[in-house]
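Trainee: Could you go through this model with me, one question at a time? I would like to see how each answer is reached.

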Amino acid sequence: MALLEIKNLHAEIDGKEIIKGLELTVNAGEVHAIMGPNGSGKSTLAYVLAGKDGYQPTSGEVRFDGKNIFDMAPDERAAAGLFLAFQYPLEIPGVATMTFLRTALNAQRKKRGEAELSTPEFLKKVREVAKKLGIEQEMLRRAVNVGFSGGEKKRNEILQMALLEPRLAVLDETDSGLDIDALKIVADGVNQLRGPGRSFVVITHYQRLLNYIVPDVVHVLSRGRIVKTGGKELALELEARGYAEYQEEAAA
Amino acid sequence: MPSIRRKRRLELSSLAASEVEMNAMADVKVMKTAAETALAQEFAQARARLAGGPAIAEKRAAAFDVFAREGLPHRRVEDWKYTDLRALMREAKPLASPPDAAAKARAKTAGAVLGDVETRRLVFVDGAFVPELSDVAALEKGLTLGSLADALADNDPALTAHLGTLAPASDVAVALNTALMGDGAVIRVAAGSTIERPLHLVFVAGAKPAASFVRSLVVVEQGARVMLIESHVGPAATDYQVNAALELFVGDEAHVDHVKIIGEGSDALHVSTLATVIGARARFNAFTFTTGGAVVRNQLFLKFDGEGTVAGIRGATLIKGKQHADTTLVANHIARGCQSREVFKSVLDGEAHGVFQGRIIVKPGAQQTDAKMMTRALLLSDRAEADNKPELEIFADDVQCGHGATVGAIDPELKFYLMARGIPAAEAEALLIQAFLGEAVEGIEHAGVREALMDQVAAWLKARA
């Protein structure tokens, strides 16, 4: 069944329309890639889904597990199982990574009516997840993302994803700024989490990431609309030919 | 500096206008407010029974003269620009009577803010020392404790010599304290002694709307080490008044930590002063934590009198409603090669008004001073107000000095990041506020005290949400 259903979505920033009638359906367990040139609305779509202020949906609807997400605050969307891996993860000086992770996990559990994890239970879980992703304990002792390299920040996003176990993860250009080793680590993290109950929307400019996270469906986003949908071979085609023809199509 | 600007404005106006203004000001001076009149009456009635021999009586009289001349400070007095005591202190409460059994019973649980930090408590109720509530037995070697009232009554010459030498005599708050001081702590830590258990001066206001003037004197001799905590608490919805002053001598190579917790009741007026002279190669840390009181003026006067001393002067203020809290700091570098770090953070909600005035003075001889001051205010509401006035007065040419001041709201990007991870808005804000204050609180070396204060921050945030 459809986990995410976007119908005729229009959204604007500062009164400027960026998403112009977007349609997308993601079923449970599927991995969709959204590719497109700069300025096509990829990150805007990600923020609209997560509920960032200023990213204003003006018409259309987005249903997550059948529920209208525009009725939900960002934290409620997260607790319902929607996760956004940020393109530019933020540094939060003074907030310890472990405090952040525990507060997030327990807030979500509480909202879902599940028991909060005790400190030992939580520590055990974080250690397991970190070990699987090859994240050193030292990184967890620092303040959230403070002094992290670009690669470490992205890895921290994947750690959060693995810990929070969302039903749908939206990865917003998670490959940007990563060298090939960091890219592999991130992709491994995603692949470990793939399963029938979990879906992904992988937003990327380049095909490179899709060598490691192989999508079920590839969409081309241009000027705020999905202009082409295909299988994983579409990504290779885009890599070879570029986005020019789709930009013209969208403009037409 | 604002004071210079004001003078210029006067010069620019016509002579006639400035004459009118000056006459007007002179008239205002003659007019005594109700509070000023009441304070004068209080002093006249009490002076005969206030403790101390002729030398102290003379100090009291001279101090009162300062007040009689200046009156309560108001907004035209630059140092009190943002805390117009004349307007804020509508009336002067009568001097508190000695506490009765009921007041003492209520004071038993006071000072609980420190949680399970083990301290030696010295409890003062309505400004009077209460030995039966205090831990005065089994003093560590090198520690001497007493009450100011006793020391004044005994005409202790050491006390008479020290008292009033550190606090600026021209400051009206200090002058009133000197004139009307009743009791307080007198503490000496002998050279080379390390006092493991922090000393905790607990000042508890009783149920009546009265005024207390407490004065403490602490001498930490060469190479000694001690932590000194003051907490000021009292009942809510009682408009009592507290004027507390502490004179602190920090000897050469001594290591002193001072923490002041201002947790007064909701309607209290609290004016307090820490005046300290720090010797050479010493370590000194001061921290003020303010959450209570309707009007709070917290003054710190520090003098770096010996070379090579390292000091951290920090504070955190969390206020809401119509609370007003003013921190005024003067760090005076006289000796060379000292380092001072000043970090003050305030979180202001509702219509609260936070003030920080910080002045770093570097005297001509204080070469190689390294002084940095930072003040940051976080506004949680549109109606809260923060006034920051950092000043540097540098008369030496080989120094590193700097200051910074910021006022802002919670960063919406950070808040969204936390919320996108499932953390509800109120909790996300609380995390960010704790992080904001953490930078200042981390300066406290005692882990237990640090945690107790962060617990207080969490409790304040919980009450807010």
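Trainee: In which loop is the place of B:Met89?

Mentor: This is a predicted model, where local features need pLDDT of at least 70 and side-chain atom pairs count only at pLDDT 80 or more, while totals for chains, interfaces and linings use all residues. Residues are numbered from 1 along each chain as its sequence is written, and chains are lettered from A and ligands numbered from 1 in the order in which they are written. Helices (H or I, at least four residues) and strands (E, at least two) are DSSP runs, numbered from the N terminus. In chain B, the place of B:Met89 is in the loop between helix H5 (85-88) and helix H6 (101-107).

Trainee: Is B:Met89 buried or exposed?

Mentor: A residue is buried if 20 or more other C-beta atoms, placed from the backbone, lie within 10 Å of its own, exposed if 12 or fewer, and partly exposed in between. Because B:Met89 has 22 C-beta neighbours inside 10 Å, this residue counts as buried.

Trainee: Which residues is B:Met89 in contact with, leaving aside its neighbours within four places in sequence?

Mentor: Two residues are in contact if their C-beta atoms, placed from the backbone, lie within 7 Å. With those sequence neighbours left aside, the contacts of B:Met89 are B:Ala35, B:Leu72 and B:Leu269.

Trainee: Which element gives the most to the side of chain A that touches chain B?

Mentor: Between the two chains, 22 residues of chain A are in contact with 18 residues of chain B. On the chain A side, the elements that give two or more residues are helix H2 (74-80), strand E7 (92-96), helix H3 (97-111) and helix H6 (150-164). The one that gives the most, with 5 residues, is H3(A).

Trainee: At roughly what angle do the axes of H3(A) and H6(A) cross?

Mentor: Axes are lines fitted to C-alpha atoms, for helices over the stretch in contact, and angles run from 0 to 180 degrees between N-to-C directions. The axes of H3(A) and H6(A) come within 10 Å, and they cross at roughly 35 degrees.
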